[in-house]
Amino acid sequence: MYQLDKKSAENGSGSSSSFLEEGLHDVVIEQAYEFTSGTGAKGVHIDFKSNNGGTRGLNFYTLNKNGEKIYGMDQLQAVMAVTKIKAITPQPGMVKVRRFNEDTNAYEDGQEQANILMELINKPLGLILHKEANTYEGRTRARYNMTAPLVAGTNQTALELLNSKEANQWDGLVKNAMNRSEKAAKEIALAESGNQHQSSSGT
């Protein structure tokens, strides 16, 4: 069960059919469910969908393998705050998933059992995304993360909503997200250039 924690939510306030990219988007939550990673860390996966059909799925790691709270919990609390949800009781059900099949070397859609956060489904919010450079197995690729969630219609952050303040932070948060994304794009381009140079040198 998740109970809204004001302090945690404040900490968390500051991924057409195409994927949503960096910037501010008006979205609804399509699905939200709990997961456990291969390392034992726990989290919540949320799929966001914009009015024009763009989508982005994000993983919020809430507890490390030792059961200790980590930053993803603050992010989840911020989402709860801006969607005005005070408590969530996960319920078992079937969710849509996309998994990489190593035999076919392609992603495949399917369904699996999970604990669903039903209270969040179809809730509207503003979603600020930024791009990060993520290196895995020698390859650097783009990964998207939530800069901040906002109250739908007012663009208040969780911090502003919980303290009855007007929306003043969202514009700066969007600029921050774009600056971080630009920096990440340069890191990715530099890494790709280095990989191509190594590849040509080895032939």
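Guide: Start with terms. Strands (E, at least two residues) and helices (H or I, at least four) are DSSP runs, numbered from the N terminus. Two strands pair if DSSP finds at least two bridges between them. The model is predicted: local features need pLDDT of at least 70, side-chain atom pairs count only at pLDDT 80 or more, and totals for chains, interfaces and linings use all residues. Residues are numbered from 1 along each chain as its sequence is written, and side-chain values use heavy atoms, with hydrogens and water left out.

Visitor: In which sense do β2 and β3 pair?

Guide: Antiparallel, over nine bridges; β2 covers residues 23-36. Ile-29 stands opposite Phe-48 in β3. Five residues lie between the strands in this hairpin, and there Gly-40 takes a positive phi near 100°.

Visitor: And how many bridges join β3 and β4?

Guide: Eight, again in the antiparallel sense, with β4 at residues 55-63. Ile-46 has Leu-58 in β4 as its bridge partner. This hairpin has four residues between the strands, and Gly-53 takes a positive phi near 95°.

Visitor: Why is β3 called largely enclosed?

Guide: Buried means under 20% relative accessible area, exposed over 50%, partly exposed in between (1.4 Å probe, protein chains only). Seven of the nine residues of β3 (residues 42-50) are buried, so the rest of the structure largely encloses this strand.

Visitor: How is an aromatic pair described?

Guide: By the distance of the ring centres and the angle of the planes. Rings of Phe, Tyr and Trp (its six-membered ring) pair with centres within 6.5 Å; planes under 30 degrees apart count as stacked, over 60 as edge-to-face, the rest as tilted. The structure holds one such pair. The centres of Phe-35 and Tyr-61 are 5.2 Å apart and their planes at 90°, so the pair is edge-to-face. Phe-35 in β2 and Tyr-61 in β4 are 26 residues apart. Phe-35 is buried at 17%; Tyr-61 is partly exposed at 35%.
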